[in-house]
Structure formats: C-alpha cells, structure tokens
Amino acid sequence: MVMAILNIAVIQFDIKAGHPDHNFAEVERQLERAAALTPKPDVIVLPEMWNTGYALEQIGELADPNGERTKRVISAFSAKHGIHVVAGSVASGAADGVRNTIYAFGRDGGLSSEYAKLHLFRLMNEEKHLLEGDRVGELSIDGQQAGMMICYDIRFPELSRRLALQGAKLLFVPAEWPHPRLHHWRTLLQARAIENQMYVIACNRVGTDHGADGKTTSFFGHSMIIDPWGEVLVEGGEEEAILAASIDLDKVDTVRRTIPVFEDRRPSHY
C-alpha cells in the first residue's frame with residue numbers, strides 16, 4: 001500500500017568513539033524512546049557511524065562484521081514496533097575492508113536496503129581506513145521511493161539529482177558533521193531539497209570526540225526535516241534530542257507541477 005503521510009522521527013545523540021557496546025545500548029534506549037512518541041513514527045532515522053564513531057585507527061577491530069549485530073538489533077526493534085528504521089550508518093566489516101554503511105529495515109524487520117558511502121572525506125582521513133561504496137542508495141518506504149546519502153555525499157549534487165530522476169521523493173542523510181561548518185550543512189541540505197523538490201531528512205550527531213592525536217572535534221547536531229520548497233519543518237540544536245514531523249509526499253508532486261524543473265531540463269547541454 002502506498003502511503004502519502006509519514007510520521008518521521010530523527011534521533012540526534014552523542015556517540016562514544018571506540019565503544020560499540022556503549023553505543024549499541026544507547027541506540028536501543030533511544031529507539032524505544034522514539035517508538036513511544038505520539039503520533040507513532042512510521043520511520044526512525046539514526047546518525048552516521050553510530051556504532052564506532054570516528055575511531056578510524058582501530059576501525060578494523062571495532063567494525064561490525066558484515067553488519068550482523070546491527071541487523072540483529074535493528075531488525076528485532078522494527079519487527080516489534082512495526083516501524084521502518086533507516087539505521088544511520090555503521091562501520092561494517094567485510095573480508096576486503098570496512099565500509100561506512102546504512103542498513104534500512106522495513107516494518108516487518110526485514111532488511112529493505114543498504115548503501116555504502118560513495119564519497120570518502122579526506123579531511124577526516126576516511127580514505128585511509130574505509131572503502132568506498134559502489135552503488136547509489138535506493139529505498140522504498142510504504143510504496144514511496146526514497147534515496148540515501150551519507151554526510152559528505154551532500155556536497156555532490158549530481159548524486160541527489162540522480163536519485164530524484166529515479167523517482168525519489170525523500171532523501172535520508174545520516175551524518176557526523178562537525179563545527180565550524182554549520183552554515184555549509186544547513187545550506188547544502190536546503191539546496192538539495194529545493195533543487196530536487198523533495199523532502200530531506202538529515203540526522204547529525206552531537207557531542208565531542210577526543211582523538212588519539214590530541215585533536216578535539218565537536219559535532220553540532222542541527223538535524224533537520226526539510227520540505228520540497230526548502231522550508232525547515234523542524235531543526236534540532238546542539239543537544240541530544242528526538243525531532244519529529246509529519247510529511248505529506250503528495251506535496252512533492254504539487255511542487256514539481258508548480259515549478260516543472262524536471263520537465264524543463266536540457267541534459268543534452270550538460
């Protein structure tokens with residue numbers, strides 16, 4: 001059944017880098033809190049790399065082998081509550097290395113899609129420790145097409161445009177986006193919503209990491225749900241929070257008819 005109205009919950013919380021057991025316990029606690037919201041969420045979204053944080057020097061040891069622990073925990077929650085979960089992303093280990101991977105689960109607890117981050121962020125040395133993904137992130141939520149991107153991916157507008165051209169009406173963006181680039185975060189997310197006339201649901205972590213190199217990185221939260229006009233429906237601050245909003249996917253069709261960007265494209269020229 002295709003559903004136009006979806007209740008979305010976005011959980012921004014602190015992540016303890018290098019401590020998967022702590023983070024899994026925290027995710028389970030936060031998911032139960034979100035499931036108790038009124039109205040009950042249809043979809044819950046988590047932040048990027050929530051199982052390990054950016055403990056990249058130890059990522060091979062800390063990564064979830066083939067995402068099995070993540071799949072077990074989130075699948076059980078989704079099936080128990082009948083809620084879709086876009087489970088942020090986790091460090092997922094395989095024989096050839098570690099990928100920054102989103103696992104998404106349907107209401108029945110089944111794995112509905114997965115996506116490994118395509119663009120690795122050199123400023124945080126991701127390319128030295130992680131492997132790139134090799135396909136775009138597509139997902140179906142109650143019969144509606146959606147896309148998935150991770151953090152740095154939003155700086156590549158051609159990726160979100162491809163997802164929109166393939167039918168996506170909403171875009172999920174888990175992130176660990178740090179200070180001082182709050183202006184970039186807000187501007188890029190709103191731009192992706194406006195230019196593609198789609199909902200953007202972005203979940204960023206909060207808190208501070210103290211790296212082994214002595215470097216401190218602070219994450220500002222400001223998770224957002226943005227409508228197809230680029231209007232922010234809800235936005236977090238810099239503290240832990242569960243943000244919620246109802247979205248109407250019929251509005252995507254209305255906006256695309258009002259300003260027919262996709263009909264007016266001239267791809268032969270670019």
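Let me start with one side chain. The side chain of Ser160 reaches the backbone oxygen of Pro157 at 3.1 Å. That is a polar contact, meaning a pair of N or O atoms within 3.5 Å, where within protein one must be able to donate a hydrogen and the other to accept it, and residues adjacent in sequence count only if both atoms are side-chain atoms. Ser160 sits in helix α5. Helices (H or I, at least four residues) and strands (E, at least two) are DSSP runs, numbered from the N terminus. Ser160 is also buried, with a relative accessible area of 0%. Buried means under 20% relative accessible area, exposed over 50%, and partly exposed in between, with a 1.4 Å probe and protein chains only.

Before going on, the ground rules. This is a predicted model, in which local features need pLDDT of at least 70 and side-chain atom pairs count only at pLDDT 80 or more, while totals for chains, interfaces and linings use all residues. Residues are numbered from 1 along each chain as its sequence is written, and side-chain values use heavy atoms, with hydrogens and water left out.

Next, the aromatic rings. How many aromatic pairs does a search of the whole structure find? The count is 5. Rings of Phe, Tyr and Trp (its six-membered ring) pair if their centres lie within 6.5 Å; planes under 30 degrees apart are stacked, over 60 edge-to-face, and the rest tilted. Phe121 and Tyr152 have ring centres 4.8 Å apart and planes at 50 degrees, so this pair is tilted. Phe121 is in the loop between β7 and α4, and Tyr152 in the loop between β9 and α5, so the pair ties together parts that are 31 residues apart in sequence. Phe121 is buried, at 14% relative accessible area. Tyr152 also pairs with Phe156, edge-to-face, at 5.2 Å centre to centre and 85 degrees between the planes.

On a 1 Å grid over the protein atoms alone, a cavity is a set of points where a 1.4 Å probe fits but cannot get out; a pocket is an open set with protein on both sides within 12 Å along at least five of seven lines; and lining residues have an atom within 4 Å of a point. Grid points are joined across faces, edges and corners, and a volume is the space filled by probe spheres set on the points. The largest cavity has a volume of about 60 Å³. Its lining includes Phe121 and Tyr152, along with Trp177 and Arg181. By class, the lining has 6 nonpolar residues, no polar ones and 4 charged. Here Ala, Val, Leu, Ile, Met, Phe, Trp, Tyr, Cys and Pro count as nonpolar, Asp, Glu, Lys and Arg as charged, and the others, Gly among them, as polar.

The second largest pocket holds about 220 Å³. It is lined by 15 residues, and Arg99, Thr101, Glu114, Ala116 and Arg135 lie nearest its centre. Strand β6 gives the most to this lining, with 4 residues.

Last, the backbone. Cis peptide bonds join Thr38 to Pro39, with omega about -5 degrees, and His179 to Pro180, with omega about 10 degrees. Met49 has a positive phi, near 50 degrees, and is buried at 0% relative accessible area.
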